[in-house]
Structure formats: structure tokens, C-alpha cells
Amino acid sequence: MNVSDTSPIIETSGLSRKFGQKLALNQVSLKIPRGRVFGLVGENGAGKTTLIKHILGVLKAERGSVRVFGFDPVADPVAVLGRIGYLSENRDLPPWMRVDELLRYTQAFYPKWDPAFAEELRNQFGLDPAAKIKNLSRGENAKAGLLIALAFRPELLLLDEPSSGLDPVVRRDILEAIIRTVAEEGRTVFFSSHLLEEVERVADDIAIMFAGEIVLAGTLDDIKDNHHRLILRFESPQASAPKIPGVLSLTGSGREWTVICNGSRAEVMASVARAGGKIMADDTASLDEIFIARAGAKNTGKE
Amino acid sequence: MNSPAIALTWEVWSRHRKRLLTVLFVILGFALFYSKLCAAIGLNLDSANALDFLAEKAALMHGTRPEIFQVLAWLFFICAPLACMVISLLYVAWIFTFTDLNPREPFSFPKRFFTLPISTWFLASRLIASGTAAVGLVYLGWTRLVHLPQVRVFEGFNDGLTWVTLLILSQAIVWSLDAFPFTRVLLLMVVSFFLLVHPDFQWYRALEAHQLTVHLSLIIIGCLLAFAGLEKIRHGCWQRWFWEWRFPLTGARTELRGPKSFRSTAQAQFWFEWKRHGRKVFYTVCVLTAVPVLVMIPELWLHPGAESGDTTCGLCVYLLAVPLFIHFFQGISYERTMPQFTANRPLTNGEIVVAQWKVMALSAVLSWIVTLWLIGVVALVGDLSVIKATLLSAPEYQHFIRPLIPVMLLGFVICTWACGADRAWVGVTMGTWIHRIYGTIIWIVLGLGCAWLFAVTHRNTIFRQTFFQILPGLLAFLVLLKFVLAQWAFRAALKKRLMARLTVTRYLGIWASLTVAVLAPVVFVYRQESGMIALYFGILLLVPLARIGFAPLALERGRHG
């Protein structure tokens, strides 16, 4: 199958999955272009890992479809998995292996494995080649997983909660540097995280998942440009949250209230004026605030 | 739950209730049916030594036409309840060593107990007491409810105090050697063997008058060691025993070994599967066969006597059973889901399956090489009088079985391989229709086996005549079913691109070669005998075919949820 460079590297369409009665993924449709860093954010149980497992072909789509490099990952595991470097959230490396065995074993599956690069990364991560995986700390385990995911310079780097277990220094200096380097080489990074600051620092595109659904997706710049944090002041103290249509979240008490809204600011301003308030400040909302506002809006049924 | 003791007991019960209930049902099954079955086949359970009874019966047959299968069936009926009793008691003892099945720390004591506000002494004493009660109850169940045959070699099984001592020493060994898994297994084997077959040792007979003192001393030492072991684990000092002895294999390794690089993905996956499953199965067979032989050889050599014939016979039967049983248990072991690390390999399901089957083939072959070598050693050193009296002098042996020994060995290897390799298609399919099919096949095989054993031991009855009349037809139907299922499975696997056409062709070649290698000599030897068609169909069923096609289909389910 010929897949052009402009076609999306990952494409899901109407992807749904149920575990018993729980709807883990609901009509998830995503297109992830090549050469970008894509951050998937969501609270625990939102469906991030389930989506990643579908991309890997570890779960078969119950409804909808998944295409990675233009292939179905369940039907063509070799064509897909041979081009993906994957770091699992569960750090499920075989505990009985030694680090050097893990490297030699993994190397056999990837013709593009770069031994010099692998050795460089091993030194950088400070991993003892004779150490058994089961004796590694959680952080070292994550580093070993990252090493085998990177050493063959995959076209797609798929990281499930990569920061989990890494200390802040490693997270900032190594992980983020690696992600940026991979992206600069024209390859694609897809990573999930609930550390929104981290996503904000490295991602080009993001998607926010909530209860199995993508509630927001787009480039980080667009999303931030479209969301505003407004500080409102009212003439008299408000006993309860003022009713302002079109806002995602409203917090505060008395006379001063903070609003997170998206889309047309003019409409919000008109609504605020009708409610008897004034806009005192207008800032760009942080990703953290956007996420909380979106999750809250989803919970209260505003979306 | 008002007290920690009740909470601990509840945890043991809730974690292992299925296993404990299985043990209970097995005991009840034997209690209800075993003595009736033995009476029906003419096996005298009141004989002072069941093996003597067997030899007498075999000698009586020599006047007419002895049926070697009848003797073998009696031997099976004698050994079956004893084997089940030993397995169930060892199983309950293992449950109360309280080792975790956490893959990161396999068979180590669960550390979470040390975060509970209970003293180590409380924990150790409750686990020892509840273990003793459970082992005692299971022992009483076997000895009081089931009419067990008496076998002199296995007299040690009929001693409740021995089982309690074994439980406490097992707890002591497991807890105090938490950091040395291989040393632990070795020591457990040696201790179990010494305790369970002690009546055979001359030096033990000298101590027979002081049995109670010996056992109580061992129990006290075991309790103290168990407590000290738990205390060490609790405070993270599990490696710091003053003697610091460990078996060399468990030592830390700093140098690198193994191939520098793998030539192919198939070679890498084979290595992975061997390290993950194959070597464990092979090492288990080695330990379970070598330790008893090493322990018994000096005794057989130094003290040859009237009873060493029984010991040799028992040891040979045990050695023949070990590879098959260990591979069978490997075959039925399962994981809820396929480990993600394996599922993420850029390999087709067929390639993963082929690696697993190759590993099990290697393990089966190596296991049988070791086992046969050890049987050879036992035959050289031991006393073969009982085996000769019951089996080797029978005309069936001389005319038919002897020329077919290499073929039978090949059959054993194939059977062992097939048992172990079943894991490839049932290992990750728990609770699915595939697992139910496998369960059905096992029940069919067990049912047919029992019916056959009953028929060969129960002469001149309508059951025997009817059974042997319908057996060829039944087996022919199973052969046909096997081919139909194999064709369906291979077509489905090829259609879904789970297996390469070349792999299928190669395996069909292997299947045909193995089947011919077993079938042709049997047909040649039995060419002038009538009524052998059932045996030929049985051989066609022996070499696995359909499951080779089913394995990648089953794996697909396990791999892709």
C-alpha cells in the first residue's frame, strides 16, 4: 500500500469500545499528521490508554476503524508495529531479562536499529547492562522502555504516560528534549499525559479526552487563542453563580468572578453586561484551566 | 471481620477457594467411586503391599495369555489416588507458604502484609497454625474417607505428622530463602523427598523408635526459622543470613552472555520463549527427576534388599510420569491477557506460535533425554526383579512392545510436546469458547482413558465387548473431526494472514513424517494381529494437527482483545 507523506499517520474514525457496560471509547475520530508532536490529555479512566491500544492493534475496534500508516494494525501487525516505538504506561518489560539482553532481543525485530545510538542512550540514562529489569527502579524501567522505543528511530513514537516514574529533571531535560528532537527529524510523536504543563511545553497538537470522547482537538496555539479567561466584577455581591450563557466555567464569589469561555468574546461580553457585570481583565487561559473548564462543562452537561 | 486472624484466614480462603474446593471434590470423588471401581476390576485394596499383589496377578497370567495392559491399568489404579493425595497435600502446603504470583517478584512473600499493624510473630504463627489445620484436614480426608491401597514404598504418605513437618519446613525454607529462588526449590525437593520416602532409608529405620521426637524437633526448628525468615523479609534483610550460602545459579551475574545478536526475528523470539517458559519447564523436570534419583541411588547401591525391587519400580514409574505431567501443567497454565510486551512485537501470530511450539519441542526432547538417562542409571544400580516379574517377562512385551520401544519413546515425546504446547492456543483465551473446546477435549481424552482402563481390567463383560466394538468407530469419527477442524483452522489462519503458506506446508510435512514414523512400525509389528484398527486411529490422533491451525486464531483473540 502506498501512503503519501501528506496522509495522516494515524486516523481513527467513529472508534468505539465497550468493556462490559462501560463505554471506554465513544465515536473517537482523529487525524494525526506526520512530523507533529501530538499530546493526548485526559483524567484517569478517560480512555487514553484504550485509544493507544487500538492504535497498536492490541485492541480490536468494536465499531469504527483505525488506520496507522494506512494499515489496519490488527490485520497487519508487522507493517505497523515495525515502525512504532512504544513506551507502555505499565512498564511491562520482562522482569527476568537483563538490560543488555533486552537490547539485543529488541534489536532483532527492527532492521533500522542503531546500536551506537542505543549505546549512547544507555549511557545517557545510566543503565547498567548487566542489571535485571526486575531490579530496576520505576524510573530506570521507564528509561529502559524509552531506550528500546527510540533506538531504531521509529517513524511514530507512541508514549503512554511517559513521565510516570521519571523525576522532574529527567522529565524536563531528557524526555522533552527527545520528543523535540524526534519531531525536528520529521518523525511523529503521540503521547498521553495528565501533566498538562508538560503537554503545553512540547505538544504541537492536542486532544482532550473525557469519558471516552474527544471533547476538544486542534493545534495548541488555536486552542489557546480561542479560550479566554475573563475576570468579571458585579455592582452588587452575587449570592450564587450568575447565569451567563456560553461560558465553560464560572468560579468566584461575591462581586468578583472568573470565567473561562471560548469562541466569540462579543457574545460573552453582551451576556455579562445583561447580567450587570463588567470585564476587568481578559487573558489567555492556560491549558490546565481549559481542561478543567471542559471537563466541568462535560460533567454539568453544558457541552 | 473483627480480628486480624479472621481477616488473614478470609484472605487465604478467598484467594484460593477454587483450588481448595477442587481438592475437596477430588477427595469426595475418590471416596465415592474408587473402592467400587477397584472391586469391579478385581484389585484387592486390602493387600499389605499392592505391588506384591500386582506381581502375583501377573505371575498367574503367565500360564494363559497375559495382558500387559491389564497389569499397567492396575498399576495406574494403584498409583492414581496416591498421586492425587500427594499433589493435593503439596498444593495445600504451597498455598500456606503464602507466596505471591506477582510476576515482578514471583513466589516471594507479599510485602503488603508488613504494612499491617500486626507483629511478625502473629503473622508467622497464624500462617503456620492455619496451614497445619488445612494440611491436617486434607490428610484426614484422604486417609479416613478414601480406601487407599497400601504401597510399601509410599508408606511415608500415610503419616500425618510427616505432612505437618513438611508444611512447616516448607514455610521455613520459602520464607528464609526469599532471595535465593533456585536454592529454595532444590532444598524443598530434597526435604520433601527425604521426608516422604523415609521408610526406604536404612538410617531412618534406626531412628524409627524416636519418630515423634525427630518430627517435633524438626517442627520447632522449622517454626523458629520461619519466624526468623519473615522477620528478615519484613526488615529488608532477606539477603543477610550469617552463613550467606547460595546455590551458584542464583548468584548475581555481572558478565554478559548469550548471542551477541540474533540472526533473525524467529531466532530472537525462540530465545525469548525459551527463557520465558521453556527453560523453566525443562529445569523443573530436571530437578524433579534428578533429586529423587540422586537421593535414592546410594540407598539402592549400599542396601540392596528384598524391598529395593519395589523402590526401583516406583522410581521408574515416577520418572516416566514427570515430563508428561510437568508439560501438561505448563499446557493448561494461562494468562488472562497476552503480555503487552509480547503483543507489541512486530511479528505475526503465526510466528509467535511457531516459536512457542519449537520451544516446547526442545523442552520435551531434552526432558526425555534426561529422564531416560536417569532411568538407565536407576536400572543399572537398582533391582529390576519386580519390573521383570510384572512386565518384562510377559509375551506381549517380548513380541510386540520390545520392538516398538523406540516408537513408544517417540510417542511419549510427541505427547509431552503436544501437552506443553497447548499453552499456545489456550494460554491467553481463558473464559472464551476456545478454552471451553480445550476443556471438552481433555474431558473426552480422560473419559476415553478411564473407559479403556476399565475395559482392559474388567474381563468378559458386556461393557468390555461393547466398548471394544464401538471404539474403532468412535476413534474414526474423532480422526475425521480432527481433519475437518484442521482444514477449517488452517484455511481461516491463512485467510486472516496469521500464518504463512510455507509455515503451513512445512508443518503438514512434519505432521506426516511423525505420524508415519510412529504408525509404520506399529502396523508392521502388529500386521498379523486382528482388531488393531483402534490403535492405528489412536496414533493418527496422537500427533497434533488441528490445534496448530487453531493456535494463531486463539492468539489473535488474546492479542487483540
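**Legends to the close-up views**

**Figure 1. A:Arg153 occupies the loop between helix 5 and strand 6 (156-160) of chain A.** Helices (H or I, at least four residues) and strands (E, at least two) are DSSP runs numbered from the N terminus. The model is predicted: local features require pLDDT of at least 70 and side-chain atom pairs count only at pLDDT 80 or more, whereas totals for chains, interfaces and linings use all residues. Residues are numbered from 1 along each chain as its sequence is written, chains are lettered from A and ligands numbered from 1 in the order in which they are written, and side-chain values use heavy atoms, with hydrogens and water left out. Although A:Arg153 is not a glycine, its phi is positive, at about 45 degrees. Most residues other than glycine have a negative phi. With a relative accessible area of 34%, A:Arg153 is partly exposed; the classes are buried under 20%, exposed over 50% and partly exposed in between, computed with a 1.4 Å probe on protein chains only.

**Figure 2. A:Gln27 is a further non-glycine residue with a positive phi, here about 50 degrees.** The residue belongs to strand 2 (residues 22-32) of chain A. Its relative accessibility of 45% places A:Gln27 in the partly exposed class. Chain A as a whole comprises 10 helices and 12 strands, and 51% of its 303 residues count as buried. Along the principal axes, the C-alpha atoms of chain A fill a box of roughly 70 × 40 × 40 Å. Of the contacts in chain A with a separation of 6 or more, 69% are between residues 24 or more positions apart; contact means heavy atoms within 4.5 Å.

**Figure 3. Chain A and chain B meet in a contact that takes 40 residues from chain A and 33 residues from chain B.** Together the two chains bury about 3,200 Å², of which 55% lies on carbon and sulfur atoms. A:Trp96, A:Arg104 and A:Tyr105 provide 22% of the area that chain A buries against chain B, more than any other three residues. Buried area is the accessible area (1.4 Å probe) that two parts lose on being put together, summed over both.

**Figure 4. Polar links and contributing elements are shown for the side of chain A that touches chain B.** There are 2 salt bridges between the chains, a salt bridge being a side-chain nitrogen of Lys or Arg within 4 Å of a carboxyl oxygen of Asp or Glu. One salt bridge joins B:Arg497 to A:Asp76, with the closest N and O atoms 3.3 Å apart. Polar contact is found in 5 residue pairs between chain A and chain B, with both residues at pLDDT 80 or more. Such a contact is a pair of N or O atoms within 3.5 Å; within protein, one must be able to donate a hydrogen and the other to accept it, and residues adjacent in sequence count only if both atoms are side-chain atoms. Two or more residues each come from helix 1 (48-56), helix 2 (77-81), helix 3 (99-107) and helix 5 (138-150) of chain A. Helix 3 of chain A gives the most, with 6 residues. By class, this side of chain A holds 24 nonpolar, 6 polar and 10 charged residues; Ala, Val, Leu, Ile, Met, Phe, Trp, Tyr, Cys and Pro count as nonpolar, Asp, Glu, Lys and Arg as charged, and the others, Gly among them, as polar.

**Figure 5. Helix 3 of chain A is mostly covered, with 8 of its 9 residues buried.** The buried residues include A:Asp100, A:Glu101 and A:Arg104 as well as A:Leu102 and A:Leu103. Their cover includes helix 4 (115-125) and helix 5 of chain A, together with helix 9 (265-302) and helix 11 (340-343) of chain B.

**Figure 6. B:His327 is located in helix 10 (residues 308-332) of chain B.** At 0% relative accessibility, B:His327 is buried. Beyond its neighbours within four places in sequence, the contacts of B:His327 include B:Val281, B:Met360, B:Ser363, B:Thr416 and B:Cys419. B:Leu320 also lies in helix 10 of chain B, but B:Leu320 is partly exposed, at 35% relative accessible area. Not counting residues up to four places away in sequence, B:Leu320 touches B:Trp368 and B:Ile375.

**Figure 7. Helix 21 (residues 546-560) of chain B has its end C-alpha atoms 22 Å apart.** At 1.5 Å a residue, its 15 residues should span 21 Å, which agrees; the expected span is 1.5 Å times one less than the number of residues. Because 13 of the 15 residues are buried, helix 21 of chain B is largely enclosed by the rest of the structure. Just after this helix, B:Gly561 adopts a positive phi of about 60 degrees.
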